[in-house]
Amino acid sequence: MSASAAPEQLDALIVGAGFSGLYQLYRLRQRGFKVKIYEAAPALGGVWYWNCYPGARCDTYGPLYQFSIEEVWKDWDFDELYPSWEKIRQYFEHADHKLKLSQDIRYNTRVNNARFDEASCRWQVETENGHSASAQFLVLCTGIGSKPHTPDIAGLDTFGGRCLHTARWPQEGVDLKGQRIGVLGTGATGVQVIQEAGPVAAHITVFQRTPNMALPMRQRQLDEAGKRALKVDIKDKYAKRARTRAGYDFDYLDYAGPTCAGMSDAEIRARWESHWQEGGFVPWLGNFPEIYVDERINLMAYEFWRDKVRQRITDPLMAEKLAPTQAPHPYGVKRISLEQRFYEVFNQPNVTLVDLNETPLVRVTHAGVETVGGRVHELDLLVLATGFDMVTGGLTAMNITSADGITLRQQWQHGVSAYMGTMTHGFPNMLFVYGPQAPSGLSNGPSCSELQGDEIVGLLAWMRERGMRRIESSAEADSAWRKRIDDFAAGTLFGRAQSWYMANSIPGKTAQMINYPIGMPDYLEQWREVKAADYRGFDLR
Ligand code: NAP
């Protein structure tokens with residue numbers, strides 16, 4: 001579609017064509033809304049368009065990393081338990097084909113300005129390519145990892161080799177073979193890049209600030225019988241997502257039990273041993289709930305993980321860096337990654353691990369990365385696996401302005417208050433899915449996109465049935481929601497780690513629990529109560 005002068009007239013404009021945006025499109029369209037998605041990328045898939053770096057794959061197993069829409073899942077199978085980015089892209093094409101999504105998506109259309117006009121009670125939206133729209137509702141589905149974070153490093157622009165952020169990886173790919181590669185960052189992305197690059201690089205230098213408490217993925221290739229087996233009870237599994245803390249098809253009740261009180265340490269460790277064999281997120285999300293609140297149990301869990309990992313690392317000095325004797329932070333309160341051969345890479349002779357706490361990074365030079373003491377690590381390729389301005393970055397990157405002329409960036413400069421993780425006072429008719437103060441980053445993405453997404457679709461349909469045109473969360477409801485989250489988080493160990501969960505992993509953000517930490521069932525219960533009280537906390541007209 002080409003840019004046009006007259007604003008496109010819509011009931012709802014969705015920003016972003018990842019899981020949450022596509023689900024909104026599908027459901028709102030079913031309810032008779034005139035709706036479009038504006039998407040910056042030339043294709044659908046959200047993060048899976050941008051994150052095509054080597055080794056990028058999903059940490060959620062395939063059947064749960066899909067829409068629960070039967071028309072889509074019934075004739076789709078992933079070929080591995082944990083699908084690669086290539087296969088997930090194919091999945092989105094399949095979903096597009098089934099649900100005819102692209103006919104209502106404007107690609108290559110980045111929203112840069114949106115202003116609410118009180119007189120017409122509509123959002124006026126402008127895009128980078130000159131297109132514009134007028135929509136009654138603005139539904140933001142920019143995801144939690146859409147604004148890459150590049151640290152402010154001296155000399156970065158003087159680097160003579162190639163410097164790439166993982167989330168802006170060239171679509172045509174990059175040959176890593178025979179290169180001297182530096183990887184800055186050991187989060188979920190860094191782990192995947194390192195285990196992929198390690199075996200083929202001439203040399204790999206890993207710059208680590210905080211060790212990742214990564215767990216074995218236990219990847220499996222799926223034959224036809226394996227694929228069929230994963231579809232057994234799939235409807236029950238999708239239904240169960242609403243009843244588990246993190247929106248998966250399992251919870252601590254399935255693997256650990258409601259508490260470890262009364263169990264001996266040996267019994268607890270025996271349970272953990274079976275979790276370890278199970279792999280995936282089971283040793284984390286299937287663990288006893290005490291790991292989030294009880295320092296002793298948490299430390300035991302850390303030590304269990306540490307001792308398992310150290311068995312795989314031959315050099316004791318390397319082992320101490322990757323799985324230190326003293327826990328760098330409590331176990332499980334920072335995003336855990338799944339790895340396949342990550343630790344074995346550090347047994348290779350062509351790998352250097354730089355502990356940035358011991359030898360901080362000074363600058364990037366033409367030749368490579370210089371650390372304290374004057375050592376320059378010479379590189380051909382510097383990979384920035386430094387993550388994102390998580391959860392809020394995609395939202396505040398746009399110039400979204402309230403009727404009073406306040407931008408969303410200004411509104412949230414001292415932290416986010418967002419009622420039901422869905423609206424913020426002063427920004428009527430603007431709703432966000434899978435964003436701040438919803439389960440989002442503490443849940444499986446497709447689950448939150450659908451379960452919160454259904455609530456939003458239901459709310460807009462409810463308004464339409466009553467002839468209502470304007471909705472705004474009250475300032476009191478926003479504050480109470482934030483307090484609910486802050487109070488809960490204060491009773492946990494989450495605040496003891498620097499992490500994007502606490503919005504304090506990159507400079508300049510206000511530290512706060514940025515997701516809804518009380519779990520999916522409680523979150524949905526809040527919606528039930530709010531609905532039963534005619535959407536209490538929202539001002540509706
Ligand atoms: P991340 O988890 O935020 O990790 C960023 C890494 O860069 C961390 O190791 C961080 O160190 C380091 N870093 C940042 N600034 C730095 C600086 N100035 N100097 C040195 N090191 C610095 O980002 P990510 O790995 O891209 O992952 C973000 C999220 O995306 C994940 O948590 C996950 O939700 C999602 N994701 C999922 C998958 C998957 O499912 N497989 C894959 C990739 C990403 P510190 O830890 O010390 O801050």
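How far apart do the C-alpha centres of domain 1 and domain 2 lie? I looked this up to get started, keeping in mind that the model is predicted. The two centres lie 31 Å apart.

**Entry: the two domains.** I noted that the chain is divided into domain 1 (8-44 + 101-147 + 389-540) and domain 2 (156-225 + 245-384). Next I checked where they meet: 19 residues of domain 1 are in contact with 19 residues of domain 2. Together the domains bury about 1400 Å², with 57% of it on carbon and sulfur atoms. On the domain 1 side, Leu493, Arg496 and Tyr501 supply 36% of the area buried against domain 2, more than any other three residues.

**Entry: polar links.** Across this interface I found 6 residue pairs in polar contact and 1 salt bridge. I also looked up Arg496 again, and its side chain meets that of Glu295 in a salt bridge at 3.3 Å, N to O.

**Entry: the nonpolar cores.** Which residues touch the most other members of the largest nonpolar core? I wrote down Trp305, Tyr331, Phe346 and Phe538, out of 167 residues in that core. Another core, of 12 residues, lies apart from it, and Leu184 and Phe207 are among its members. Back at Phe346, I saw contacts that include Ile194, Val206 and Met318.

**Entry: Asn444.** Is Asn444 buried or exposed? I counted it as buried, because its relative accessibility is 1%, and the cut-off for buried is under 20%. Asn444 sits in the loop between β18 and α16. A polar atom of its side chain lies 2.9 Å from the backbone oxygen of Leu64. Asn444 also touches other residues, including Thr60, Tyr65 and Gly247.

Key
Residues numbered from 1 in each chain as written. Predicted model: local features only at pLDDT ≥ 70, side-chain atom pairs only at ≥ 80, totals over all residues. Heavy atoms only, no water. Helix = DSSP H or I, 4+ residues; strand = E, 2+ residues; numbered from the N terminus. Buried < 20%, exposed > 50% of the residue type's maximum accessible area, 1.4 Å probe, protein only. Polar contact = N/O pair within 3.5 Å; in protein donor to acceptor, adjacent residues only side chain to side chain. Contact = heavy atoms within 4.5 Å. Core = buried A, V, L, I, M, F, W, Y, C linked by side-chain atoms within 4.5 Å. Domains from an automatic or database assignment. Buried area = accessible area lost by both parts, 1.4 Å probe. Salt bridge = Lys/Arg side-chain N within 4 Å of Asp/Glu carboxyl O. Lists of a residue's contacts leave out its neighbours within four places in sequence.
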